[in-house]
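Work through the exercises below with the model open. Try each task before reading its solution.

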Amino acid sequence: MQPIGAKDPQLRESNSQKVHPQPMEEATNQKPEAVDALISKIFTNISSLKSAYIELQSAHTPYDPDKIQTADKLVISELKMLSELKHFYREHNPKPVCVSPQDSRLAAEIQEQQSLLKTYEVMVKKFQSEIQNKDSEILQLQQQIQEATQKRVKLEKNLKLRGLSAKESEGTSSENRFFSVDLTPDLFRSAVEAAYRAIHDFSKPVINMMKAAGWDLDAAANSIEPDVVYAKRAHKKYAFESSICHRMFGGFQEECFSVKPEDPGVTNESFFHQYLALREMDPLDAVGQSPDSLLGKFCRTKYLAVLHPKMEASFFGNLDQRNFIIGGGHPRTAFYQAFLKLAKSIWLLHRLAYSFNPPVKVFQVKKGSEFSEVYMDSVVKDLIIEESEQKPKVGLMVMPGFYIGGSVIQCQVYLTGMKVAE
């Protein structure tokens, strides 16, 4: 192939070294030492790239932003070097018309290394995206820590003003400890209502996450309590509320509530004092200040009981949060904070139940029990109860009932096989 403008062979020969590139035939006949040196550089660069990639991976466990940034720069540098070698080879080695078997082998090796390079480029972009996400999470956590610190300072001031600090409460009388809150059945009844609302509120994100994870909600509801005839498909949410309630109230009849007490000789007054101290506190602040307190242990135990490992893995793709909780921590995730609100309401209800003398007694009803207006209340208010010899049957117990003094707080139930008013 003759370069443009080189009509005279002598002129072409005299000027080729200054102006015109080498012809294809000459380029393909480079010295094998130069080709070997280029290939050696490519393999050396690939080895360095692998080493840099391994450093980038190791910097993520444990997470070290500085090491990640350094390793990231090293990977990018090696990628640039490999790209320069590729362009150098293409500029000095135009594709020949015919290639030898040795050249084909070298071309295949280069193509393989280029494919590997693309893989590394994808992984680098992935790690860069993860670094950005981690940086964003760190900023959010720093803001949460700052807000929590401000709340803690404010709470400490309030507790001191109200006489709830340990030093100030030692010399106070029992009447001053109770402040303006009276221990009455109405106070306990309002706590029962708050606990039921908390169960309902926590069941919503659980059901939504099950939907997002691809769970069959009909099959899940049937596995919780089979053979329940629902008036509406939407009523199957009560099966999940029932399951959460059953696990949260396990051990409620015990004074320790399934948590080994630090002081076995706790009085009614002490239970009420605990209720008052925690009543206005944010649950995340409470367990954050004392992760291994009775409340902290209770939250940890109940979370592991309510959330099955398979369910949690389907929600988050891993069991990192579960393992963190098992290890004694209390994560600041939105889902765990929603659970803490539920746990706090049940814990307060238990503290309040044992503040009475005698303590409030909890009772439950079984599936298939006949409906009693004295001891039960239907969670669905627009059911049609026909007058017949056969009384309505309990399909689910959604919330237990309580005996307080000589009165009864009805348990909340879902009746099976009922019709809803149009």
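**Exercise 1. Describe the chain as a whole.**

Solution. The model is predicted. Start with secondary structure: the chain holds 16 helices and eight strands. Next, burial. Of its 422 residues, 35% count as buried. Then take the contacts with a separation of 6 or more: 73% of them join residues 24 or more positions apart. Last, the surface. The accessible area is about 25800 Å², and carbon and sulfur atoms supply 52% of it.

**Exercise 2. Which residues make the nonpolar surface patch of about 280 Å²?**

Solution. The patch consists of Val374, Tyr375 and Tyr403. Place Tyr403 in the chain: it belongs to strand β5 (residues 401-404). Patch members need over 30% relative accessible area. Tyr403 has 35% and is partly exposed.

**Exercise 3. Trace the salt bridges of Asp218.**

Solution. The cut-off is 4 Å between a side-chain nitrogen of Lys or Arg and a carboxyl oxygen of Asp or Glu. Seven salt bridges meet this rule. Asp218 pairs with Arg233, the closest N and O atoms being 3.2 Å apart. Asp218 lies in helix α9 (residues 217-224), while Arg233 sits 15 residues away in the loop between α9 and α10 (237-248). Asp218 also pairs with Lys236, at 3.1 Å between the closest N and O atoms. Lys236 is in the loop between α9 and α10, 18 residues from Asp218. Shared partners join Asp218, Arg233 and Lys236 into one network. Asp218 is partly exposed at 27%. Lys236 is partly exposed at 21%. Arg233 is exposed at 61%.

**Exercise 4. Are Glu312 and Arg322 buried or exposed?**

Solution. First, the pairing: their side chains meet in a salt bridge, 3.0 Å from N to O. Glu312 comes from helix α14 (residues 309-316) and Arg322 from helix α15 (residues 320-326), 10 residues apart. Both Glu312 and Arg322 are buried.

Notes:
Residues are numbered from 1 along each chain as its sequence is written. This is a predicted model: local features need pLDDT of at least 70, side-chain atom pairs count only at pLDDT 80 or more; totals for chains, interfaces and linings use all residues. Side-chain values use heavy atoms; hydrogens and water are left out. Helices (H or I, at least four residues) and strands (E, at least two) are DSSP runs, numbered from the N terminus. Buried means under 20% relative accessible area, exposed over 50%, partly exposed in between (1.4 Å probe, protein chains only). Contact means heavy atoms within 4.5 Å. Accessible areas come from the Shrake-Rupley method with a 1.4 Å probe; for residues, only the protein chains shown count as cover. Patches are made of residues with over 30% relative accessible area and no salt bridge: like charges are joined within 9 Å, nonpolar side chains (Val, Leu, Ile, Met, Phe, Trp, Tyr) within 5 Å.
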